[in-house]
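Biologist: Hi! Could you walk me through this one? I have a few quick questions.

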Amino acid sequence: MNKIRVRNNNNINENVLKAIDRLRVNIEFVAPDKRVIAITSASDREGKSFVAYQLACMEAVHNKKVILLHLDFRKIVGNRNKYLDGFAQIVDGSMDVSDVMYKTDIRNMYMMFAGVDTDKSMDIVENQRFDKLIKWLRTKFDYVIIDTATIGKGMETPVICSKCDGAVLVTESGAVSYKKERNAIEQIRMAGCEIIGVVINNR
Amino acid sequence: MQEKAFKTRKIRDFLENIFRNIGTIILGAILFALIFVVVYVIKDKMHESRIVYASVIEVRPSVGKNDKKVDMEKEFFKVMSSSKVEEAMKEEVAIDLSYEEFMESVMVYFKGNSLFISFEDQDEEYANLVVTKLFNKTAYEFMKEYSVESFEIIKPATYTVDASKKDWTNKSVGWFILVGAALGTGITLAFLCAFYFLDNTIKDEQDVREYLDLPVLTVIPVDKHTDDKRGGAL
């Protein structure tokens with residue numbers, strides 16, 4: 001299995017880590033049966049990736065086997081010479097799960113990425129292989145945390161949410177109107193996904 | 001009950017918002033006070049440059065028995081512009097300009113039974129002298145041509161500020177500063193109110209419960225030292 005080094009949390013403020021721990025506890029408390037969780041938001045740059053990553057870390061630290069799926073198709077992960085393969089390659093059959101799953105330097109924490117074929121995001125998430133993969137991950141991990149694109153921007157986000165047990169909506173304090181948030185909530189609910197709750201970032 | 005609590009919180013938040021922006025309000029007040037002072041100074045300077053000082057002489061012509069009707073204003077000015085008066089004036093009063101330009105500063109008008117002659121100049125003594133000489137020379141030539149027996153000087157040449165060019169304001173600069181500061185405070189407050197009440201963004205847990213009817217799982221605080229380092233896993 002591939003290995004990957006993730007961002008260290010040494011610089012993160014203690015109060016921020018406490019807030020993330022509170023998020024972990026509240027999810028377990030509010031939705032104990034939810035194990036595939038999408039992290040989304042109504043607008044860009046509200047802190048989805050940060051919350052998703054920190055939540056995954058926190059679960060891993062608390063001895064939960066967790067995988068973080070980076071499914072924001074608009075943010076290709078990697079560098080110019082080597083993009084990280086992922087779901088796109090599994091769905092088109094060119095690679096196997098073991099080729100695109102990464103073990104991180106944090107114990108119990110794994111990662112998978114969208115892959116390079118980002119133009120076909122809808123084809124990927126609507127593919128049966130995608131469904132099967134999520135179901136398979138559910139059996140292998142305690143938590144599957146999915147970092148998605150912004151609800152309004154990524155057409156695939158509601159589809160991803162529909163395959164999750166629940167969604168967490170991240171909102172940056174004072175950045176997005178409640179009308180836009182309501183619109184995002186409506187779209188998530190229309191996709192048949194339950195909203196676990198809201199994370200207020202940067203308050 | 002819940003609505004009342006919501007309104008109370010909104011008012012408290014609003015007052016907090018005003019308190020947080022006290023610096024902005026002070027800045028607004030200072031800015032407007034400065035604008036008012038600048039306007040005051042500019043307007044004052046402009047007004048000063050427009051003030052016209054003039055020397056005015058008031059005379060009354062006595063008309064003879066066989067007189068025909070004479071347009072005093074027009075005829076007196078005509079005689080005043082004639083070459084005879086021009087020569088005499090050039091001899092007796094130093095005139096830098098041409099006589100035509102010189103005459104632009106002269107005004108003749110009839111009011112009641114009196115004829116007024118005015119001459120504008122910044123030098124008071126010179127203006128008085130010009131008006132007196134101008135009247136004497138013109139009156140001499142005028143009496144020769146028209147049936148006017150004499151001119152009685154009602155009021156000798158006096159240097160005066162034109163009555164129509166009074167001070168543009170009777171308010172002091174302090175008054176302008178106060179009004180500017182008050183207006184600045186008011187306008188800044190109005191803007192703050194508008195921004196606050198038009199702002200429909202989600203800010204805190206209460207807003208989430210109120211507008212979205214969802215539970216808040218956590219509130220991640222601001223950390224200015226590490227906020228720029230926040231991001232995803234890689």
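Predicted model: local features only at pLDDT ≥ 70, side-chain atom pairs only at ≥ 80, totals over all residues.

Biologist: Let's start with helix 2 of chain A. How many residues does it have, and how far does it reach?

Modeller: Helix 2 covers residues 48-61 of chain A, 14 residues in total. From the first C-alpha to the last it reaches 20 Å, close to the 20 Å expected at 1.5 Å a residue.

Biologist: And why is helix 2 of chain A described as largely enclosed?

Modeller: Because 13 of its 14 residues are buried, helix 2 of chain A is largely enclosed by the rest of the structure.

Biologist: What follows helix 2 of chain A?

Modeller: Asn63(A) does, and its phi is positive, near 60°.

Biologist: What about Arg45(A): where does it lie, and is it buried or exposed?

Modeller: Arg45(A) sits in the loop between strand 2 (36-41) and helix 2 of chain A. Its phi is positive, about 55°, although it is not a glycine. It has 11 C-beta neighbours inside 10 Å, so Arg45(A) counts as exposed.

Biologist: Switching to the inside. Which residues of the largest nonpolar core touch the most other members?

Modeller: That core has 73 residues, and those touching the most other members include Ile37(A), Ala56(A), Ile67(A) and Ile145(A). Helix 2 of chain A gives the largest share of this core, nine residues.

Biologist: What does Ala56(A) touch?

Modeller: Leaving out residues up to four places away in sequence, Ala56(A) touches Val66(A), Leu68(A), Met109(A) and Ile145(A). There is also a second, separate core of 21 residues, with Phe76(B) and Leu134(B) among them.

Biologist: Nice. Now the two chains: how many residues of each are in contact?

Modeller: On chain B, 27 residues are in contact with 43 residues of chain A. Helix 8 (205-212) and strand 5 (216-220) are the elements giving two or more residues to chain B's side. That side of chain B divides into 14 nonpolar, six polar and seven charged residues.

Biologist: Which strand of chain A is joined to strand 5 of chain B?

Modeller: Strand 8 (residues 194-201) of chain A, through four bridges, and the two strands run parallel. Val199(A) stands opposite Thr218(B) there.

Definitions and conventions:
Residues numbered from 1 in each chain as written. Chains lettered and ligands numbered in written order. Expected span 1.5 Å × (residues − 1). Buried ≥ 20, exposed ≤ 12 C-beta atoms within 10 Å, placed from the backbone. Contact = placed C-beta atoms within 7 Å. Nonpolar A, V, L, I, M, F, W, Y, C, P; charged D, E, K, R; others polar. Pairing = 2+ DSSP bridges. Core = buried A, V, L, I, M, F, W, Y, C linked by C-beta atoms within 7 Å.
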